[in-house]
Amino acid sequence: MRPGANGVGRRSARCNSVVRVNDVRLPLNPSVAALRKAVREAIAGTASTPSRDVAGADLLVALSGGADSLALAAATAFEAGKVGLQAGAVIVDHGLQPGSADVAARAADQARALGLDPVLVRVVEVGSEGGPEAAARAARYTALDAARAEVGASLVLLAHTLDDQAETVLLGLARGSGTGSLQGMAPVSGALLRPLLGIRRSQTREACAAEGLEPWHDPHNTDDAYARVRVRERVLPVLEAELGPGIAEALARTADAAREDADAFEEMIEETIEELVEHAEAGISVSAGALAANPAALRQRIIRYIVQSEFGVSLTRSQTIEVARLVTDWAGQGPIDLPGLTASRHAGRIVFAAR
């Protein structure tokens, strides 16, 4: 690692474990401590890459300049250097607001001041597929993955908080997305790491104030044209007022429990799937009898798993139920049309074939 790459000797006293005022040692701000602990636990076991290019990094923080990502950047800069990891930052400029280039440049300056290196700014072109939020998200994640590969980083750290998790669960419920929506965002998803899912948004703001960091306030975060903003500003406060405090934490716990259940189901499926399926012409088939022997919840998960893994298609609940009827309510009905494939029953097997 290059001398000073972790910011040692260049960062202010606010990054120490205590703060000195007139030589009096004051305890570390609780929110700063909580963020550092969350990052420390999240990156534990991450291996440094001694052969990495001099301009590379082991970790990248996705930084917008807002309070959540700025607090995450500060905590990561502090904790990564302690365990010999090189931490950098990547700022994605979506170009969707006037002055976005200035916002990105300011965030980059803040990252450098924290000791993060390298600091990348990437300008993306946002399409329209799936709506503005989905299109911006797709462009952002593509840019983050490209930046990670460019610097040889193993992980990109995202600043989603417990509040974001609660909002995600509520939005999923409103859309009728089934139990999958209850899982929310995973702490680890491939090369994406979310250390702050147990941290409240109020804590990131307090941490920024305690460390003398000035976050950018995204006007989109208060624009009620976005469903997530309406959930944040209207729905959750009403739930808290009517049902009592702790709603966000309860939703986050629900996400954790749902994810544990989903992981257990997936392990069960992976253990048995090889015995159930056979390759068929233009697709794959599964024994109707074997499917019938399973409880409905597992049977439907197997169907969704097969279609997703073989054809890359995510079935809705209604589509899954229609396929399951080929097992449980077989009356000679014809093929079921699904996105990009068909499902039909032949000789005691459910056959999935590409169209």
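Me: Where is Pro-118 found?
Reply: In this predicted model, Pro-118 is in the loop between H3 and strand S5 (119-123).

Me: And the peptide bond from Asp-117 to Pro-118, cis or trans?
Reply: That bond is cis, with omega near 0°. Most peptide bonds are trans.

Me: Okay, new topic. What is the mean pLDDT of the chain?
Reply: The mean is 87. Of the residues in the protein chain, 90% reach 70 or more.

Me: What about residues 1-16?
Reply: There the pLDDT is below 50. In the model, this stretch has 37 contacts beyond near neighbours in sequence.

Me: Now the inside. How many residues are in the largest nonpolar core?
Reply: It has 37 residues. Leu-59 and Leu-116 have the most contacts inside that core.

Me: Which helix gives the most to it?
Reply: H2 does, with nine residues. Others that each supply at least two include helix H1 (30-43), strand S4 (87-93) and helix H7 (201-210).

Me: Back to Leu-59. What is it in contact with, leaving aside neighbours within four places in sequence?
Reply: Its partners include Ile-43, Thr-76, Ala-80, Leu-85, Ala-153 and Leu-157.

Me: Last one. Ala-347: is its phi positive or negative?
Reply: Positive, about 50°, although Ala-347 is not a glycine. Most residues other than glycine have a negative phi.

Me: Where is Ala-347, and is it buried or exposed?
Reply: Ala-347 is in the loop between strand S12 (341-346) and strand S13 (349-354). It counts as exposed because its relative accessible area is 86%, and the cut-off is over 50%.

Terms used
Residues are numbered from 1 along each chain as its sequence is written. This is a predicted model: local features need pLDDT of at least 70, side-chain atom pairs count only at pLDDT 80 or more; totals for chains, interfaces and linings use all residues. Side-chain values use heavy atoms; hydrogens and water are left out. pLDDT is the predictor's confidence in each residue, from 0 to 100. Contact means heavy atoms within 4.5 Å. A nonpolar core is a set of buried Ala, Val, Leu, Ile, Met, Phe, Trp, Tyr and Cys residues joined through side-chain atoms within 4.5 Å. Buried means under 20% relative accessible area, exposed over 50%, partly exposed in between (1.4 Å probe, protein chains only). Helices (H or I, at least four residues) and strands (E, at least two) are DSSP runs, numbered from the N terminus.
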